[in-house]
Structure formats: structure tokens, C-alpha cells
Amino acid sequence: MSGYIKDTKWEKSKMPAHQSRSRTRDRGNVLNRPEFLSLNQPLRTGNAEVRGSVRRPGQTKPQPSQQSEQEPAEGGKDRRESLKLPEEDCMQLNPSFKEIAINSLLAIDICLSKRLGVCAYTSSSWGSVRSMVTLLALTGHGITWICGTLLCLTRSNTLAGQEVLVNLLLALILDVMTVAGVQKLVKRRGPWEMSPGFLDLLAMDVYSFPAAHASRAAMVTKFLLSHLVLAVPLRVLLVLWALLVGASRVVLGRHHLTDMVCGFALGFLHYSLVEMVWLSSSTCQTIISIGTFSWSPFY
């Protein structure tokens, strides 16, 4: 026994001074106590790491009672991590300047569109003139213009008039189909929750972006100004009508301001496409013959 004590003292005397001081410091460090073990552990980066699995040298192993106290805390943390919201539902702490600008513009657009929707309901501030604004918007509806063009085509007797009307009819069909396709892709709702009417469903004008009435009014106005000889007052009234038709849908709460602006731009694009593929008079006569079932391939 005395020999063992002497050997131990001899080993301690051979131990370097800095190791003995570090062990003494580790024993006196308060953070090495079991209740402060979680403060010394590295952050969890995945499921493979287990909390408390890494300990510094000199740390004492937690007692079973302390382990049982830590396990419920770890289970609660795991449950909280599993219930985290999806990434798209979380607010980004450092968004880019582009995202901030886009979100700000969208917020301003929604706010202004809601304020301008003064005829959205009969109980709105301008609800008494809602029927008149609805009638104005009806003059720019796709069904109205397609039916009117077909009626004029049946009563036209000149080749030049029929050529213009056939190309206008194709431009209207192109406008309806293109706007319906873009609306189906974007699926943007209007500033006010409203169900589309019967004519809107018939023309596939269900969503908000882009504004179909604004697109059609811009295309028809540009088309008529280019192919009809009109007096200056009539030209001014035609441009004013297009602007009022686009604005009427915003006042009725159907579209945002950006929907109306993009609708005008899309209408000018439709006009440019129709001008590029303009159908000649002979082609228009063939289309009319097919439509009236009087076309014969032998003549």
C-alpha cells in the first residue's frame, strides 16, 4: 500500500506543471457542471448529431437523472423543428433590393386599386352610378365586339369593307384567346373578391391579369384609327372611349391598375401581330364563302 502511494506521488511529480494547472482549472470551471453542459455543445447541424454527444476533456458524464431531464427537452425541440413552417411561408430576414422593390410596388398597386374601386358594390361610395359604369364596360366586352363585327360583315357589300371586317374579327378572336391563356397561367385575383358574370365566363375573362377590356379597347382603337378615315373629333372620342373602358373595370373593382396598363400594352401587341399577318381580299372572300357554306373548291 505504501509502495502504491509512493508511485502515485512519483507520477504526479513527473506530470508537467501546465497539465496539472489545466486539470485544476477544468475542475474549477463552473461551465463543466452537468447543468451547464448544453452551453458547451456545438450547434445541431443535422439528424446525425445528438445533443450532448460531444464533451470536452475533463467534463463529467451526466447522471441518469440528469439525462432523463434532458431527454424531454430534446424531444420537445425535435417536435418544434418538425412543426416548422415551409420556407415559402417564412419571412426572409435579408431580402434583396429587387424583392423589396417588387413587393412595395405590388402593395401600392393593391392599395390604390382598392381605393379606386368606388363602384365595386352598390353600397360603395359611388354605388349609385354602378349601372352606368357597367354599361360603359360592356361596350368593350369581347362578346359585344365579336357579335357586332359579324353583324356588320353580313351587311357589308364592298370587298374593302369585308377585308377590314374579317381581319378585325380575327384580331378580336386572337385577343380573346391570348388574354384567356395569360389569365389562366397567372391566375391573379382582383382587388375585390367577386365572382365573374355570365358574359365574362363566356369570354373566358375570369381572372384579373391582364385586363381583357383594356387590351381589346386598345387594339380596336388602334385598328380603327389605322383603317378608317375619321374626323378629328371622332378620333379623340375613340381614344377617350378606350381609356374610359379600361378605367371602368378598375372602378368596378375587377382589375388592378397594373392589370389595366398591361392590358393596354397587350392590345397594341395584338394590333402589331394582325398587321404582320394581314389577310388579303381574296383570302377574306374565301373565308366568307366557307363561313356561309357557299365555297366550292372547283371555282
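Predicted model: local features only at pLDDT ≥ 70, side-chain atom pairs only at ≥ 80, totals over all residues.
Trainee: Which residues make the nonpolar surface patch of about 500 Å²?

Mentor: Two elements give two or more residues to this patch, namely α5 (130-138) and α8 (198-202). The residues that make the patch are Leu135, Leu138, Phe198, Leu199 and Leu202.

Trainee: Which element gives the most to the nonpolar patch?

Mentor: Both α5 and α8 give two or more residues to the patch. The element that gives the most, with 3 residues, is α8.

Trainee: Is leucine 138 buried, partly exposed or exposed?

Mentor: Leucine 138 lies in helix α5, and it is one of the residues that make the nonpolar patch. Its relative accessibility is 35%. Buried requires under 20% and exposed over 50%, with partly exposed in between. Leucine 138 therefore counts as partly exposed.

Trainee: How are helices α10 and α11 oriented to each other, roughly parallel or roughly antiparallel?

Mentor: Two packed helices are described by the angle between their axes and the distance between the axes. The axes of α10 (residues 232-251) and α11 (residues 257-276) come within 9 Å and cross at roughly 150 degrees. Angles over 145 degrees count as roughly antiparallel. The orientation of α10 and α11 is therefore roughly antiparallel.

Trainee: Is the crossing of α10 and α11 left-handed or right-handed?

Mentor: The crossing in question is the one at roughly 150 degrees, where the two axes come within 9 Å. The handedness of the crossing of α10 and α11 is right-handed.

Trainee: Is the peptide bond from phenylalanine 209 to proline 210 cis or trans?

Mentor: Most peptide bonds are trans. Proline 210 is placed in the loop between α8 and α9 (212-227). The bond from phenylalanine 209 to proline 210 has omega near -10 degrees, and its form is cis.

Trainee: What is the phi of lysine 187, and where is this residue placed?

Mentor: Most residues other than glycine have a negative phi. Lysine 187 is not a glycine, yet its phi is positive, at about 55 degrees. With a relative accessible area of 46%, lysine 187 is partly exposed. Its place is in the loop between α7 (159-186) and α8.

Trainee: What is the phi of methionine 204?

Mentor: Methionine 204 is found in the loop between α8 and α9. Its relative accessible area is 40%, so methionine 204 is partly exposed. Although methionine 204 is not a glycine, its phi is positive, at about 60 degrees.

Technical notes: Residues numbered from 1 in each chain as written. Heavy atoms only, no water. Patch = residues over 30% accessible without salt bridge, like charges linked within 9 Å, V, L, I, M, F, W, Y side chains within 5 Å. Areas by Shrake-Rupley, 256 points an atom, 1.4 Å probe, with all protein chains shown as cover. Salt bridge = Lys/Arg side-chain N within 4 Å of Asp/Glu carboxyl O. Helix = DSSP H or I, 4+ residues; strand = E, 2+ residues; numbered from the N terminus. Buried < 20%, exposed > 50% of the residue type's maximum accessible area, 1.4 Å probe, protein only. Axes fitted to C-alpha atoms, helices over the stretch in contact; angles between N-to-C directions. Parallel < 35°, antiparallel > 145°, perpendicular 65-115°, else oblique. Left-handed = near helix turned anticlockwise from the far one by under 90°.
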